[in-house]
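Please consult the sequence and the structure shown below while reading.

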Amino acid sequence: MIIVNNIKLNIEQPKQQAVALAVKKLKLQQSQIADAFIHKMSIDARNGVKFVYSVGINLADSAKEQLFAGKDKDITVKQKQPLIIEKGDKPLLNRPVICGLGPAGLFCALVMARQGFCPIVLEQGEDVDTRTQTVKNFEKTAKLNIQSNIQFGEGGAGTFSDGKLTTRIGDSRCEFVTDTLVEFGAPEEIKHIAKPHIGTDLLVDVIKNIRNEIIRLGGEVRFCTKLTDIKVKNGAVQSVSTTGGDIETQLVVMATGHSARDTFFMLKDKALVMKAKPFSVGVRIESLQTDIDKGLYHSLAGHKALPKGEYQLSYNTKGRGVYTFCMCPGGNVVAAASEENTVVVNGMSLHARDGRNANSAVVVSVTPDDFGGDFTKAIQFQRQLEQKAFIMGGKSYKAPAQTVDNFLNGKAGLNINKVMPTYPLGVAECDMADLFPYNITKELKNALPAMNRKLNGFAAADSVLTGVETRTSSPVRILRGEDFQSNIKGVYPCGEGAGYAGGIMSAAVDGVRIAQQICSEYKTKN
């Protein structure tokens, strides 16, 4: 495929004009073209608002495509990279076990099931439909299910955070993941937009479809079944213990997600080599979506051709990095606690992104040095913030909240104007300076005005800060070697919880990577 990049059109011009301009740039005749289409689309709002297109063109004689490589800085030639599965020859006595049915576990199980390995998937939470009802019940009654919630259950934490697929990794497996999501029901558009998202409302069906395919191929999914122990002999896994009984296995993929704290401690007791890794803590900021649109699109805000405005902001400091994360246009702040007597916030959007507010995390980085390299102290730091937020919220799962003007001026409380908090269990007025250590508060106070200068309306006086955001990524990395195994043979750390991913796409990619490694070493029993 030939890709012609950096074709800019104003918002009134039809996208097919980009295709015509690409064909003209390549000086091609229609008879030479097998297919021409929009490959990617993004928006450049720096000087006016432009749509920026990449156009893909397949030639009738594909052998001639390589002739265009290097002819122009905006022309590239790309060959589709098939997912390569090598076949191993080591006998596998028992079925492999995958712990966790988030993106990493889901894609690891799918690839292995397609190769005949019939994996057993353990998920401590519920299936996605039941889990959704459990989450709604928590939002109505403040009765938390610590086994199944926004962090735990089919689909993982990403199920309730918009289904964003943006990633900074340049791995060819990304295309496989995207194609697979579309195959199982995600909208085709995720292949072509620069910041793809599925939306929680659509993602749940995609997840179920993939799970049903795993089962159809001979895999097994055990919901409400938690890993409690691994049995090791001579440095290798022999079996695992679960709340549903023991399973003999020599292969365990640890795709538990970033909030499986008790599992991390159990693995530490088994002498798995683990260490603290960087993560971030902070708040959710809610702004009026129309203000974000105006800040990005100026006089063109509200134009029917433009999507809801998205942003990614950072503040450069000599101390700690401050940045926005998991931005949800037209979304809500959600109750993401997974332990009793704690408050944790996250954000989500439906596919339509038609809510009144925009929200994102605004977080400050913390490092392993803050905890002497001890991941148990890092987890304790998270817990202390979450427990303090619970107390500040009145011990009722309300979230502590403060408007930006009061936060910057050192005054507790909310000056509600245009922005109404969306956290479902209600908010309690507070001073965020009482929640965080001084260095975190200081960085947030420095960053918010600077970020608002970059995007007017982001940190308006009445923008609402809700706390506490602690689950940006895992505070733990389970070390693995070149064969992707931990120091205990047969244990494969995988995905975001193990410290090797940061979001749906990169976690899914790591799940695929681990599946490829296992398939390249072992053969199925039959």
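## The largest cavity

Fourteen residues, given as 14 in the computed lining, surround the largest cavity, and those nearest its centre are Pro 103, Leu 106, Leu 203, Ile 207 and Ile 504. Two elements each give two or more residues to this lining, namely helix H2 (103-114) and helix H5 (200-216). H5 gives the most, with four residues. The lining comprises eleven nonpolar, three polar and no charged residues; here Ala, Val, Leu, Ile, Met, Phe, Trp, Tyr, Cys and Pro count as nonpolar, Asp, Glu, Lys and Arg as charged, and the others, Gly among them, as polar. The space inside amounts to about 110 Å³.

The model is predicted: local features need pLDDT of at least 70 and side-chain atom pairs count only at pLDDT 80 or more, whereas totals for chains, interfaces and linings use all residues. Residues are numbered from 1 along each chain as its sequence is written, and side-chain values use heavy atoms, with hydrogens and water left out. Helices (H or I, at least four residues) and strands (E, at least two) are DSSP runs numbered from the N terminus.

Across the whole structure, two cavities of 30 Å³ or more are found. A cavity is a set of points, on a 1 Å grid over the protein atoms alone, where a 1.4 Å probe fits but cannot get out; a pocket is an open set with protein on both sides within 12 Å along at least five of seven lines, and lining residues have an atom within 4 Å of a point. Grid points are joined across faces, edges and corners, and a volume is the space filled by probe spheres set on the points. The second largest cavity has a volume of about 40 Å³. Its lining includes Thr 134, Val 135, Phe 138, Lys 143 and Ala 335. H3 supplies the largest share, three residues, and by class the lining divides into five nonpolar, four polar and one charged.

The second largest pocket has a volume of about 720 Å³. It is lined by 27 residues, of which Ile 43, Tyr 297, Pro 307, Lys 308 and Glu 310 are the closest to its centre. Strand E2 (33-44) and helix H7 (289-297) are the elements that give two or more residues to this lining, and E2 gives the most, with three residues. The lining has 15 nonpolar, five polar and seven charged residues.

## Aromatic rings and charges

The whole structure holds seven aromatic pairs, a pair being rings of Phe, Tyr and Trp (its six-membered ring) with centres within 6.5 Å; planes under 30 degrees apart count as stacked, over 60 as edge-to-face and the rest as tilted. Phe 138 and Tyr 397 are edge-to-face because their centres lie 5.3 Å apart and their planes meet at 80°. This pair links distant parts of the chain, 259 residues apart: Phe 138 lies in helix H3 (residues 128-141), and Tyr 397 in the loop between helix H8 (375-392) and strand E20 (399-403). Phe 390 also forms an edge-to-face pair with Tyr 397, at 5.0 Å centre to centre and 65° between the planes. Phe 138 and Tyr 397 are buried, as is Phe 390; buried means under 20% relative accessible area, exposed over 50%, and partly exposed in between (1.4 Å probe, protein chains only).

## Cysteines

The disulfide count is zero, where a disulfide is a pair of cysteine sulfur atoms within 2.5 Å. For Cys 328, the nearest cysteine sulfur is that of Cys 326, 4.2 Å away. Cys 328 counts as buried because its relative accessibility is 0%.

## Backbone geometry

Most residues other than glycine have a negative phi, and most peptide bonds are trans. The bond from Gly 467 to Val 468 is cis, with omega near 15°, and Val 468 belongs to strand E22 (residues 464-469). Cys 118 has a positive phi, near 50°, and lies in the loop between H2 and strand E7 (120-123).
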